[in-house]
Amino acid sequence: MNNNTPHTISKTACYHCGEPCNNTEIQLDELSFCCHGCKTVYQILADNNLTSFYDQFPGQAVQAKQNTNYDFLKNTAIARQLIDFQTDNIATIILELPQIHCSACIWILERLFRFDDGILSSKVNYLKKECTIVFDINKIDLFSLANLLQQIGYGPEFNLNNSKEEKKRFSKSNNYKIGLAGFCFGNIMLLSFPEYMSSPHQPMFTTFGYLKILLALPVLLYAGKDYLLAAKQFLLKRNIGIDLPIAIGMITLFSRSVFEILSGIGEGYLDSFAGFVFLLLIGKWFQEKTYSNIAFDRDYTSFFPISVLRKEADGWDFTAIDQLKSGDIIRVRNEEILPCDSKLLAGNGRIDYSFVTGESKLQSTTIHQNIFAGGKIVGGFVEAEVIHPVAQSRLTQLWNDDVFQKSKDIKEKSIIDFISKYFVFIIIGIAVIGFFYWLPIDIGMAFNVLTSVLIIACPCVLALSIPFIYGNGIRQLSKWNIFLKNTDTLFRLQEIDNIVFDKTGTLTDHSKMQVTFSGISLDDQTKNQITSLCRLSAHPLSQAIVEFLKSGDEVEVNNFSEFPGQGIQGTMDNNFWRLGSEKFILGHTSQTSISRSYIEFNGDILGYFSFEQKLKGEMKNIIENLKTSYILGMTSGDPIPHPEIDQWFAKCEKPLYNQSPQDKLRHIDNLIQQGYSPMMVGDGLNDSGALKQSNVGVVVNHRQNNFTPAADIVVNDEALILLPQLLEYAQWTRRILYGGFVIAALYNGIGLYFALKGLLSPLFAAVLMPLSSITIVVYGFFSINILTQIIFPKNRNDHSHSNR
Amino acid sequence: MTIVIPTVDTGHSTALGYVIIYTQISTTMQIIILLIAISLILAIGFLIGFFWAVRSGQYDDDYTPSIRMLFDDEETNSKINK
């Protein structure tokens, strides 16, 4: 890309981010930029001699849009809490940067040290959207670091979620186990090899035998720890799972081998034993390698701010929210979220409870009124006295509510548990019958047969079939931007017979509010002023106008006030602006179904914006398609029925309007009571209760790092149309799994035949057991890959890691 | 059933005992046994290497390095353009 000059990029595209510059083109160094944010980043890059960025990634950068206030990072106690590791001068922090989306991001973020002396190094984890930054705390503090990142378009997200450490530790310990088991497996096999080759028992082999026991011990005690724990669980709680027969097999295999070696009877089965544990761990790794960039396990703490202003003896200071006590006085500023239930003392802010209730209607506040955690303060600030600490607030209690606590365990793993329960009894039955058959003939043989049956029938293949068939299935789905929480979701997906859609975000296009302006033509200055006014309001329509006008310059607004559900007003450059509903501006309402927002300048009406929520046209076909085999329903928080949606859902369950989050939850609950297995499709905020309650909750995601606590499946916006294919896919994976069971049964049958005749030799076991496992792995891979190619359209192949 | 322990003439140390047994077995087996001993030591080295790699975080991110290596060398590149 050496000859890349700015002129190769089309004139109207922003040199920085590649978005088309509408009318607000800004020129600098003969280059065009779509907004001031992009221009600023370009300047920063140019100042730091990093313009080669544009040669490598023309027009691919992130637009610098956000405007988060990082003042709380000035508080050293809070900054300390966020830093992962710190010595005297050097600190390491892992920052969540949800904006990371392409290789250009990695390039620029790994050159952070060029921007500031204090930054020593930075390393991006692309899939996790994280950046590990090492910096000198004497030269740059966390506050400046966060602001620097925000300037170049990567404002970090801070939250108090500390579960990531645990996950990391898990994956590490699993890696250790795999390494150890693999090592022991290989070496035990080498040590067994001479014995298989030469028939007379050499005295040296005894030493080898001890060496093998020594090598097998860590496999049993460390690598196979989880299975031993499963056996303990059974002894304590009588829980039968797939891990129990595995544990029985493992323990039998190990103890018989040790007995044989120590008594000098034979060479033992330790190679089979270690290989078997190794394969099981590989299966586990395969299954649990999930999508770290999508956090399924986020809870309310990631939604709350990390700190809040608290009144101290000597003024206001930031305090971590978990430090708040009843009686503390806190101040929450515009656009911030109230972390705990409080009593309002002062302030002019209004509260948006859309996260809690799903209504995007702002609530006005009065002094001494109780306000609740989860509310977003809009258009001002509030000062309030804390009633309950964060952990006891109403919203937190909601998360701790039954629905969220009740795991789906009962329904989970039903097939495999069912099978393993009978499996245990059948195998033990066969082993005991074999034992008593041989007992009168030969006592030694009787014990031989008993242990052989337990060894050979160990459900290794059964245990591997799920990780490899379902795990591979989940992986394949992720290529189509459908992300499943775990393999159990695929099981539950097979049972679905009823699908309920939430309207917002699934049937309507949330991001694409169609805005049109009718009236006088707007010049740049007017646009700037309207945008500045709208920025102060969190109302969706105001946000839509900001998005529509795409104006960069900020104008100072005085005397701003917002009339909830009506409109906003303010003074800019001594001109009085008002913006709001027909009733707010004109004083009367006409009969139009499309919502409009009028703009008034010093008493003159300049025109109006009209808004239309676009329905996703493609969903109509999807619904038609699903109608034939599933019962469909629709819920919406909107009070007024939407005629077109009603038409879509003709001959389905009657669409439900005016539904509160509780209503939606109850609706799902009713369906379950009636014996259905419902699937809920929603956007994950106000319908989270329903999503959690349903057998499978599908969250449609617009932004990768969304808040999806209740989701079993996260699908990208454009992947929602693949819903019918997904359901069909789930049905087919079940059939493939049954195929795997047949293979397992065949191998076990062969093995059992030899075991019952007392012919099981170590060599035979060492060949048969890995062979059966490898068969199932290969089968799982190929059948799922073929299935994926058949069911999903071929032209979407390059989806998972595309740049944009 | 008796537990078999390699025993040689009493009076020798155990280590020497192994050497005596070793000289008594066939050459082919001698080589195999020697190779196994060497390979075991080598493999322990690899195992330690693997543990070190996991510990130092090399397995934490298996995707980003594949992108990183495709970047042009930025210093030379910017000189060409100037």
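Helix 19 of chain A is largely enclosed by the rest of the structure, since nine of its 12 residues are buried. This is a predicted model, and the helix in question covers residues 524-535. From its first C-alpha to its last, helix 19 of chain A reaches 16 Å, close to the 16 Å expected at 1.5 Å a residue. The buried set is Thr526(A), Lys527(A), Asn528(A), Gln529(A), Ile530(A), Thr531(A), Ser532(A), Leu533(A) and Cys534(A).

Turning to the rings, the count comes to 20 aromatic pairs over all chains. One of these is Phe185(A) with Phe278(A), a stacked pair at 5.8 Å centre to centre and 25 degrees between the planes. Phe185(A) sits in helix 6 (residues 163-197) of chain A and Phe278(A) in helix 10 (residues 270-288) of chain A, so this contact ties together parts that are 93 residues apart in sequence. Phe278(A) itself is partly exposed, at a relative accessible area of 21%, and with the cut-off for buried set at under 20%, that value puts Phe278(A) in the partly exposed class.

Tyr470(A) and Phe491(A) make a tilted pair, with 4.7 Å centre to centre and 40 degrees between the planes. Here too distant parts of the chain are linked: Tyr470(A) belongs to helix 16 (residues 460-478) of chain A and Phe491(A) to helix 17 (residues 487-495) of chain A, 21 residues apart. As for cover, Tyr470(A) is buried with a relative accessible area of 0%, and Phe491(A) also counts as buried, at 4%.

Ring pairs also bring the two chains into one picture: Tyr176(A), Phe50(B), Phe51(B) and Tyr59(B) are linked into a cluster.

Lys177(A) lies over the face of Tyr222(A), 5.9 Å from the ring centre. Arg331(A) does likewise over the face of Trp316(A), at 4.6 Å from the ring centre.

Chain B, which supplies Phe50(B), Phe51(B) and Tyr59(B) to the ring cluster, has four helices and zero strands. Read along the sequence, its pattern is simply α-α-α-α. Of the 82 residues in chain B, 26% are buried. The accessible surface of chain B comes to about 5,900 Å², and carbon and sulfur atoms account for 68% of that area.

Definitions and conventions
Residues are numbered from 1 along each chain as its sequence is written. Chains are lettered from A and ligands numbered from 1 in the order in which they are written. This is a predicted model: local features need pLDDT of at least 70, side-chain atom pairs count only at pLDDT 80 or more; totals for chains, interfaces and linings use all residues. Side-chain values use heavy atoms; hydrogens and water are left out. Rings of Phe, Tyr and Trp (its six-membered ring) pair if their centres lie within 6.5 Å; planes under 30 degrees apart count as stacked, over 60 as edge-to-face and the rest as tilted. Helices (H or I, at least four residues) and strands (E, at least two) are DSSP runs, numbered from the N terminus. Buried means under 20% relative accessible area, exposed over 50%, partly exposed in between (1.4 Å probe, protein chains only). A charge sits over a ring if NZ of Lys or CZ of Arg is within 6 Å of the ring centre and within 35 degrees of the ring normal. Accessible areas come from the Shrake-Rupley method with a 1.4 Å probe; for residues, only the protein chains shown count as cover. The expected span of a helix is 1.5 Å times one less than its number of residues.
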